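Keep the view open as you read.

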Amino acid sequence: MTDPWARPNQPSTPQGQVAPTQQAPPPQGPQEPPSSASKIKDFFRDPLSIVLVVVIVVALVLAGVLAGELYARKRANDVVARVTSCVVEDEVSASFGVMPPFLIQHMSGHYTNIHIETAGNQIRDAKDMKVELSIQDVRLEDTATSGGSVGSLVADISWSSEGIRQTISDSIPLIGAFVTGVTTNPSDGTIELEGALGSIKARPTVADGGISLQVIELTGLGFTLPREAVQPALDAFTSELTTNYPMGIKADSVDVTDDGVVSRFSTSNAEIPKGQQDPCFTAL
């Protein structure tokens, strides 16, 4: 029979040894999270973290520079296009050279290369005429007499046969009334103005800094349209279209092709007009 007052069985221990007693762990206070400064120090002790920071900073700087480059380049393209459009009276697109970066060119006021192209609708009153401009070494330096200088400007101009016909019909009352077509003859460098009453054969040449149509033959016109009446009318017509361009731009060459007439105009070491000298240049 079990004694109800007996002590419960204790785990036996070897003789001479005291059984270990279990102690509860000491109470711990609330743990504080690492401080922000500690986290930053730990972050910068990691080489990979430092590399990531440098990459992010460089990327942000490059993105800002690229955005500024693109914005400034687009704005400059628009300004030059507006100035040229005012001069030639047609829609124009313009672009600056890639190198050096445009921001460097803009800060120095020295633009190395500018390409300009017209839409091909007209140049002044010349219908269906197209121009491609290559401009080198532009320096914007505001002085009492100019807005800067241009090292060189080359303009390649193409004028279609149909454009010549339409322009003559619109601009020369005496001749335009009978011109119904224009034929080009590259073999002898002439163009022929054709009409119901006859034809006028003329040779485009460079004269007085512009392009002149020199009458060399009249066919079937008789006393209706003598040579003496035709040449002055053509001279007035070509002078209005191809002379008096700004910056001393003058004709260098003219050639007859299967499709019309091509010519080259140029200038070098020219001064850019100030706004009050030519309203088209006010935006520069």
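Q: Which relative accessible areas count as buried, exposed or partly exposed?
A: Buried means under 20% relative accessible area, and exposed means over 50%. The range in between has its own name. That name is partly exposed.

Q: Is Asp137 buried, exposed or partly exposed?
A: This model is predicted. Asp137 sits in strand β5, residues 129–139. Its relative accessibility is 30%, so Asp137 counts as partly exposed.

Q: What is the phi of Asp137?
A: Asp137 is a residue other than glycine, and its phi is positive. The value is near 55 degrees.

Q: Where is Asp208, and is Asp208 buried or exposed?
A: Asp208 lies in the loop between β9 (198–207) and β10 (210–219). Its phi is positive, near 55 degrees. Its relative accessible area is 78%, so Asp208 is exposed.

Q: How many helices and strands does the chain have?
A: The chain's secondary structure has both kinds of element. The count is 6 helices and 12 strands.

Q: What share of the residues of the chain counts as buried?
A: The chain has 284 residues. Buried means under 20% relative accessible area. The share that counts as buried is 37%.

Q: What share of the accessible surface belongs to carbon and sulfur atoms?
A: The accessible surface of the chain comes to about 17700 Å². Carbon and sulfur atoms hold part of that area. Their share is 58%.

Q: Which residues is Ser161 in contact with, leaving aside neighbours within four places in sequence?
A: Ser161 is found in helix α4, residues 161–171. Its relative accessible area is 13%, so Ser161 is buried. With those neighbours left aside, its contacts are Val182, Thr184, Asp259 and Gly260.

Q: Which residues form a nonpolar patch on the surface?
A: Take Leu60 as a way in: it is placed in helix α2, residues 47–88. Its relative accessible area is 60%, so Leu60 is exposed. The patch has about 310 Å² of accessible area together. Its members are Leu52, Ile56 and Leu60.

Q: Which residues form a negative surface patch?
A: Start with Asp125, in the loop between β3 (122–123) and β4 (126–127). At 42% relative accessibility, Asp125 is partly exposed. Patch residues need over 30% relative accessible area, so Asp125 passes that cut-off. The patch consists of Glu89, Asp125, Asp170 and Glu240.

How values were computed. Residues numbered from 1 in each chain as written. Predicted model: local features only at pLDDT ≥ 70, side-chain atom pairs only at ≥ 80, totals over all residues. Heavy atoms only, no water. Helix = DSSP H or I, 4+ residues; strand = E, 2+ residues; numbered from the N terminus. Buried < 20%, exposed > 50% of the residue type's maximum accessible area, 1.4 Å probe, protein only. Areas by Shrake-Rupley, 256 points an atom, 1.4 Å probe, with all protein chains shown as cover. Patch = residues over 30% accessible without salt bridge, like charges linked within 9 Å, V, L, I, M, F, W, Y side chains within 5 Å. Salt bridge = Lys/Arg side-chain N within 4 Å of Asp/Glu carboxyl O. Lys, Arg positive; Asp, Glu negative; His and termini not counted. Charge placed at Lys NZ, Arg CZ, Asp CG, Glu CD. Contact = heavy atoms within 4.5 Å.
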